[in-house]
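Please read the following points with the sequence and the coordinates open side by side. They are set out as a colleague's notes, one topic at a time.

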Amino acid sequence: MQSNTEAFYQEQLKRVTNEFEDFVYIVSHDLKAPIRAINNLSVWIEEDLGDNIPEDVKDNLRLLRDRTERMEKMMNAILQLSRVGRYDLDIKPVDLGQILDEIKAANTAEHVSIHIHQDAHNQLFNTYFKKFKTVIEELVKNAVIHNDKEAVEITITLHYPENNLAEILVSDNGSGISAQALDKVFDIFYTGKSKDRHNTVGAGLAISKKIIDFIGGSITLESSENSGTKFLIKWPASTN
Amino acid sequence: MENKLTNILLIEDDEVDIQNILRAFKINNITANLHLAKNGKEALEMLTGKGAPIIKPTPNIILLDIKMPVMDGLDFLKVLREYPELKSCSIYILTSYNEEELKARAYNLNVAGYILKSSDQAELVQKIKYLKDYWQLIELPNSQN
């Protein structure tokens, strides 16, 4: 009897998983095709009109393309969010400090400085290293976007108190987050800044939060307007 | 190339994709006549002359979409392979479906290539350019019929 119930739920699980895979495929393939088509059509209209296009028509064509691009990015973000528990699942012993150094080395923006402090040298963490990298990259991206200073300063501190939780503090000298917005920053597609001026759809923090929930860690933030933002992550040092 | 490659047949149902491919042909200065069929059934009629005016000489090159109404690309291929006089047509799949199963089925039906149809125009122009260069490189049989 018990094995019958188990078989029933196994079957249910299989069905739901297949439905999910179909849904993801539809979003990633079938829905993107018409968006790309709209984008192409706007390019062709502009090409076919030649040199004498009024400025306001040009502006509207640009906005049309911009919005199709945004929609595609939003779809990609939903896909990434929905796949958190299914992708980048490789686990190996890694030095988190080394991943931070790689992120710092990959930064090519001259107005952005990343400072790293750590007391976990050569400490190996058996963890989802790709997910760790994604989270820190998203926090760095967020710190750069929400910054009104000429020189962007980001400090990442890695501390390991040896209680099986690594603590990573990411702080910036940016414009900060108002008290009303604090509980919204992890919502998908929430942005504190205009989506027009910044090339963002507001998904990075939502994806980061979902990753951290998935691995069983925590993320909290401290911020007020004009005083920069501090994110504190507690990341399980070992995943079995 | 010009004397051998007079006719190309494009089998594609999506109007925007058709326009994208036509524009890529134009940008690459491909001068062969491009004939258009909206599905596999229409294409068969044009190749055999049964139900539609026949294309002469028979196109050496056929660009074939997979997902189409009435008769899809792979069903078209299966039927096409039954006509001895159409055996020498080189078929290139041009699809946006990057799926192993479809690729395997297409190559089992002896396609000359499986090409992913980019919706990005610049990418498609580049792919069509590679095809043009390849068609200039290879010798194609002269259609006798």
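1. Asn110(B) counts as exposed, because 12 other C-beta atoms lie within 10 Å and a residue with 12 or fewer is placed in that class. Asn110(B) sits in the loop between helix H4 (100-108) and strand S5 (113-116) of chain B, and its phi is positive, about 60°, although the residue is not a glycine. Please keep in mind, here and below, that this is a predicted model.

2. Phi of Asn29(B) is near 50°, a positive value in a residue other than glycine, and the residue is located in the loop between H1 and S2 of chain B. Is Asn29(B) buried or exposed? Asn29(B) counts as exposed, because it has 8 C-beta neighbours inside 10 Å.

3. The peptide bond between Lys56(B) and Pro57(B) is cis, with omega at about -10°, and Pro57(B) is placed in the loop between H2 and strand S3 (61-64) of chain B. As background to this point, most peptide bonds are trans.

4. Helix H2 of chain B, which covers residues 40-48, has Gly40(B), Lys41(B), Ala43(B), Leu44(B), Met46(B) and Leu47(B) as buried residues, and Lys41(B) is listed here among the buried ones. What covers the buried residues of H2(B)? The cover includes strand S1 (7-11), strand S2 (33-37) and helix H3 (73-80), which belong to chain B. Following H2(B) comes Gly49(B), whose phi is positive, near 80°.

5. Helix H1 (residues 15-27) and helix H5 (residues 121-137) of chain B have axes that come within 9 Å and cross at roughly 55°. That angle makes H1(B) oblique to H5(B), and the crossing of the two helices is right-handed. On the side of H1(B), the residues in contact are Asn20(B), Ala24(B), Phe25(B) and Ile27(B), and they meet Gln121(B), Leu124(B), Val125(B) and Ile128(B) of H5(B). Sorted by class, this contact of H1(B) with H5(B) holds six nonpolar, two polar and no charged residues.

6. The contact between the two chains takes six residues from chain B and seven residues from chain A.

7. Six residues from domain 1 of chain A and eight residues from domain 2 of chain A take part in the contact. The side of domain 1 of chain A that touches domain 2 of chain A has, by class, three nonpolar, one polar and two charged residues.

8. In chain A, helix H5 (residues 129-145) and helix H6 (residues 204-215) pack at an angle of about 150°, and their axes are 9 Å apart. H5(A) is therefore roughly antiparallel to H6(A), a term used for angles over 145 degrees. The crossing of H5(A) and H6(A) is left-handed. Residues of H5(A) in this contact include Lys131(A), Glu138(A), Leu139(A) and Lys141(A), while those of H6(A) include Leu205(A), Ile207(A), Ile211(A) and Ile215(A). By class, the contact of H5(A) with H6(A) is made up of seven nonpolar, four polar and three charged residues.

9. Phe231(A) belongs to strand S7 (residues 229-236) of chain A.

Definitions and conventions. Residues are numbered from 1 along each chain as its sequence is written. Chains are lettered from A and ligands numbered from 1 in the order in which they are written. This is a predicted model: local features need pLDDT of at least 70, side-chain atom pairs count only at pLDDT 80 or more; totals for chains, interfaces and linings use all residues. Axes are lines fitted to C-alpha atoms, for helices over the stretch in contact, and angles run from 0 to 180 degrees between N-to-C directions. Helices (H or I, at least four residues) and strands (E, at least two) are DSSP runs, numbered from the N terminus. Angles under 35 degrees count as roughly parallel, over 145 as roughly antiparallel, 65 to 115 as roughly perpendicular and the rest as oblique. A crossing is left-handed if the near helix is turned anticlockwise from the far one by less than a right angle, and right-handed if clockwise. Ala, Val, Leu, Ile, Met, Phe, Trp, Tyr, Cys and Pro count as nonpolar, Asp, Glu, Lys and Arg as charged, and the others, Gly among them, as polar. A residue is buried if 20 or more other C-beta atoms lie within 10 Å of its own, exposed if 12 or fewer, and partly exposed in between; C-beta atoms are placed from the backbone.
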